[in-house]
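Hi,

Here is the structure I promised to pass on. Have a look first, and my notes follow below.

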Amino acid sequence: YIQIEVFREDELTTVSRISQNGIVAMPLIGSVKLGGLTKQAAQNKIREMLQDGYIRHPEVQITIAEFATRRFTVLGQVSRPGSYEIPQQERVDLLQAVGMAGGFTRIANASSIQVRRQVKGKEVVYKLDGRKMQRDSKAKRFYVLPNDTITVPESIF
């Protein structure tokens, strides 16, 4: 969440989440694309838009109240199935995600892990070999994205 304040213009104070396409809705000026801008650049953009016919010398202050949480879910044969958060400014690979969930259980089939992911509105299922990733340090790492669901199946002896 971000908070946008305009000095001496309390009715313009906005607390909002930036949408996935980087837009925030504000009184008077409507939708403003802030995604990808630095805090200073975003303040300048809003200031310029408000100066353009609305307020003489607006002083704009943006405060970042909370970063959006980026979560993934691990199900099946792990010690602690559940939902976990990807730390800000970090990446988590598949084996790290399983580790966050307490590791594989004794009866896990680590060679047949499934990751479900939404790609352009469609569900894609990746089938991955966690055993190979554990054994081979040169194996390509598979990075977990927000909203992924990882399923570790039971081994059938």
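Let me start with a salt bridge: the side chains of Asp-148 and Arg-117 meet in one, at 2.7 Å from N to O. By salt bridge I mean a side-chain nitrogen of Lys or Arg within 4 Å of a carboxyl oxygen of Asp or Glu. The pair links distant parts of the chain, since Asp-148 sits in the loop between β11 (143-144) and β12 while Arg-117 belongs to strand β9, 31 residues apart. Element names follow DSSP runs numbered from the N terminus, with helices being H or I of at least four residues and strands E of at least two. Both Asp-148 and Arg-117 are buried; that word stands for under 20% relative accessible area, with exposed being over 50% and partly exposed in between (1.4 Å probe, protein chains only).

Before I go on, the housekeeping. This is a predicted model, where local features need pLDDT of at least 70 and side-chain atom pairs count only at pLDDT 80 or more, while totals for chains, interfaces and linings use all residues. Residues are numbered from 1 along each chain as its sequence is written, and side-chain values use heavy atoms, with hydrogens and water left out.

Back to the charges. The count comes to four salt bridges. Another one of them joins Arg-116 to Glu-123, with the closest N and O atoms 3.1 Å apart. Arg-116 is partly exposed, at a relative accessible area of 33%. Then there is Arg-71 with Glu-85, where the closest N and O atoms are 3.3 Å apart. That pair also links distant parts of the chain: Arg-71 is in strand β6 and Glu-85 in strand β7 (residues 82-85), 14 residues apart. Arg-71 counts as partly exposed because its relative accessibility is 34%, and Glu-85 is partly exposed too, at 36%.

Now the strands around Arg-117. β9 and β10 (residues 122-128) pair in the antiparallel sense over seven bridges; I call two strands paired if DSSP finds at least two bridges between them. Within that pairing, Val-124 in β10 is the bridge partner of Arg-117, and Gln-118 stands opposite Glu-123. The two strands make a hairpin with two residues between them, and Lys-120 in the turn has a positive phi of about 50 degrees. β9 also runs antiparallel to β12, joined by three bridges. There, Val-115 has Ile-150 of β12 as its bridge partner.

Ile-150 turns up again in the packing. The largest nonpolar core has 19 residues, and Phe-72, Val-74, Leu-94 and Ile-150 have the most contacts inside it. β6 (71-76), α2 (94-100), β9 (113-119) and β12 (149-152) each supply at least two residues of this core, with α2 giving the most, three residues. A nonpolar core here is a set of buried Ala, Val, Leu, Ile, Met, Phe, Trp, Tyr and Cys residues joined through side-chain atoms within 4.5 Å. Not counting residues up to four places away in sequence, Val-74 touches Pro-81, Gly-82, Tyr-84, Ala-97, Ala-101 and Ile-150; contact means heavy atoms within 4.5 Å. A second, separate core of 15 residues includes Leu-12, Ile-29, Ala-42 and Leu-50.

Two single residues are worth a click. Met-100 lies in helix α2 and counts as partly exposed because its relative accessibility is 27%. Leaving aside neighbours within four places in sequence, Met-100 is in contact with Phe-72, Arg-80, Tyr-84, Glu-85 and Val-92. Its C-alpha is separated by 36 Å from that of Thr-14, 86 residues apart along the chain.

Ala-65 lies in the loop between β5 (60-64) and β6. Ala-65 is exposed, with a relative accessible area of 55%. From Met-49, 16 residues apart in sequence, Ala-65 is 23 Å apart in space, C-alpha to C-alpha.

One last thing, on rings: Arg-91 lies over the face of Tyr-143, at 3.7 Å from the ring centre. The rule there is NZ of Lys or CZ of Arg within 6 Å of the ring centre and within 35 degrees of the ring normal.

Cheers
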